[in-house]
Amino acid sequence: MPPAPPVPDFATLAEAHLESACNLARWLVRDAALADDVVQDAMVRALKYFGGFRGENPRAWLLQIVRNVALTRLKGSAELAPVEDHEVLQVSNDSRDGPEATLMREDDQRFLQKLLAGLPVELRECLVMRELEELSYKEIARIIDAPIGTVMSRLWRGRKLLAEAAGALEVRGS
Amino acid sequence: MTTSFECDRTLLVQADFDGELSAAEAAEAIRHERDCLHCQRAREQLTRSRELMRAMPRFEVTPELRAAVHGRLLTARAATSATSPESAAGGRRDDRNRASGTRWFARPGTWGWGTALAVAAALALVLVLPGNPDVASQLVANHLRAMQLDSHLIDVASSDHHTVKPWFAGKVNFVPLVKELDAAGYILKGGRIDIVQGAPAAVLVYGAGRHVLDLYMWPTKAGASGGLRAPPTVDGFEMRHWEEGELTLWCVSDMGAGEMDRFVDKWRER
């Protein structure tokens, strides 16, 4: 690893991590329009706090803000709302077609996406940050402001739920 | 309440799976796993869940969101400037905010965002004109594509009007005015072409300290200009509008009002 980089300017930082911010917001709030709002609010807030940012791990710093904004928004009624089918349908034809996506029947994949979207937010966020954003335990712990042990047990609970659901599908399909 | 794992070492196995352990710890985890059916099963579930997660979509940024983020940041930045005007005395309290708000303009290498500011200001310009709301979104889309292609915001980068002016030939069907104002402190950075109101406009980009100024020009349409006045500011950005010869000119910048007037004076003197 190179030595700690200098504090990037905000524009560079925002551009570099916009994709991560968008993905996390979307998986947290599970609604495209709301996620867009969250990302925008979070970026404005990040700009405001940028003066106090010391340059260390900009992505985690930014995602922490995204998460806080998202959870605040969710505190209303949205988190309780059921996941709509169309939201899951929307994402199922995305470009990610690794071997899994092709092997798995489309229905099943849709079901699994719905399952992830339906996990409690505290498990879902850990899974998304670990597996899609590939953040370390330490980074996730910082973002969710919890001990590493909490990250580990939430990850495990989320993963177990997913794996068991997939197992159930395989049984049903065979 | 039931616990979701049957062996208290499962989280250690998971940490190994996630590459979070030192070599010694990893060796211990593997040693344990060899003798623990629960943890062997856990490893299978970890692998399975990872396959599933990797098959999930990673949501991508839409051009609309990117545009909206840029717009919001520009507005926020303008608001920050507005609360700490350069000329105001005793602005120390705001220095920190101001520094964070303007940082991207103050740094070299972030030219693209400075120009993005001017483009966004130009969008505001288009929006205050009657009709043509589509031009705005088109301009945003073009601009964003340019940004993504690693700052293609200046098509011809030169401080020499002998280079910039001929560059426009054949690209726009009019002869733009190009002036060097170095002596007055406005450095010609280059030019580009934008579509404004459905027709190509020549854009000159000037730098003044950390400010960026975009000067738009296109042929004056007969009967189109009478009474058209630039609002002095739109969303905190200074704008000036005038006609010169056959051309309609608009300039847009985040610089202060006095500085903007000075630029216009210097330009028109030449």
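This is a predicted model: local features need pLDDT of at least 70, side-chain atom pairs count only at pLDDT 80 or more; totals for chains, interfaces and linings use all residues.
Residues are numbered from 1 along each chain as its sequence is written, and chains are lettered from A in the order in which they are written. Local features need pLDDT of at least 70 and side-chain atom pairs count only at pLDDT 80 or more, while totals for chains, interfaces and linings use all residues.

**Exercise 1. The make-up of chain A**

State which secondary structure chain A has, and what share of its residues is buried.

Solution. Begin with the elements, where helices (H or I, at least four residues) and strands (E, at least two) are DSSP runs numbered from the N terminus. Chain A has 9 helices and 0 strands. Next take burial: a residue is buried if 20 or more other C-beta atoms, placed from the backbone, lie within 10 Å of its own, exposed if 12 or fewer, and partly exposed in between. Of the 174 residues of chain A, 41% count as buried. Last come contacts, which are pairs of residues with C-beta atoms, placed from the backbone, within 7 Å. Among those in chain A between residues at least 6 apart in sequence, 71% join residues at least 24 apart.

**Exercise 2. A pair of packed helices**

Describe how helix 3 and helix 8 of chain A pack.

Solution. Two packed helices are described by the angle between their axes and the distance between the axes. Helix 3 (residues 58-74) and helix 8 (residues 137-144) of chain A pack at an angle of about 40°, with axes 8 Å apart. Angles under 35 degrees count as roughly parallel, over 145 as roughly antiparallel, 65 to 115 as roughly perpendicular and the rest as oblique. Helix 3 and helix 8 of chain A are therefore oblique to each other. Helix 3 of chain A contributes Ala60(A), Leu63(A), Gln64(A) and Arg67(A) to the contact, and helix 8 of chain A contributes Glu139(A), Arg142(A), Ile143(A) and Ile144(A).

**Exercise 3. Two loop residues**

Solution. Glu134(A) has a positive phi of about 55° although it is not a glycine. Glu134(A) lies in the loop between helix 7 (121-132) and helix 8 of chain A, and it counts as exposed, with 10 C-beta neighbours inside 10 Å. Asp145(A) sits in the loop between helix 8 and helix 9 (148-173) of chain A, and with 10 C-beta neighbours inside 10 Å it counts as exposed.

**Exercise 4. Confidence in chain B**

Find where confidence in chain B is lowest and where it is highest.

Solution. The score is pLDDT, the predictor's confidence in each residue, from 0 to 100. Chain B has a mean pLDDT of 72, and 64% of its residues reach 70 or more. Confidence in chain B is lowest in helix 5 (residues 92-106), at a mean of 38, and highest in helix 1 (residues 10-17), at 94.

How values were computed: Axes are lines fitted to C-alpha atoms, for helices over the stretch in contact, and angles run from 0 to 180 degrees between N-to-C directions. Two residues are in contact if their C-beta atoms, placed from the backbone, lie within 7 Å.
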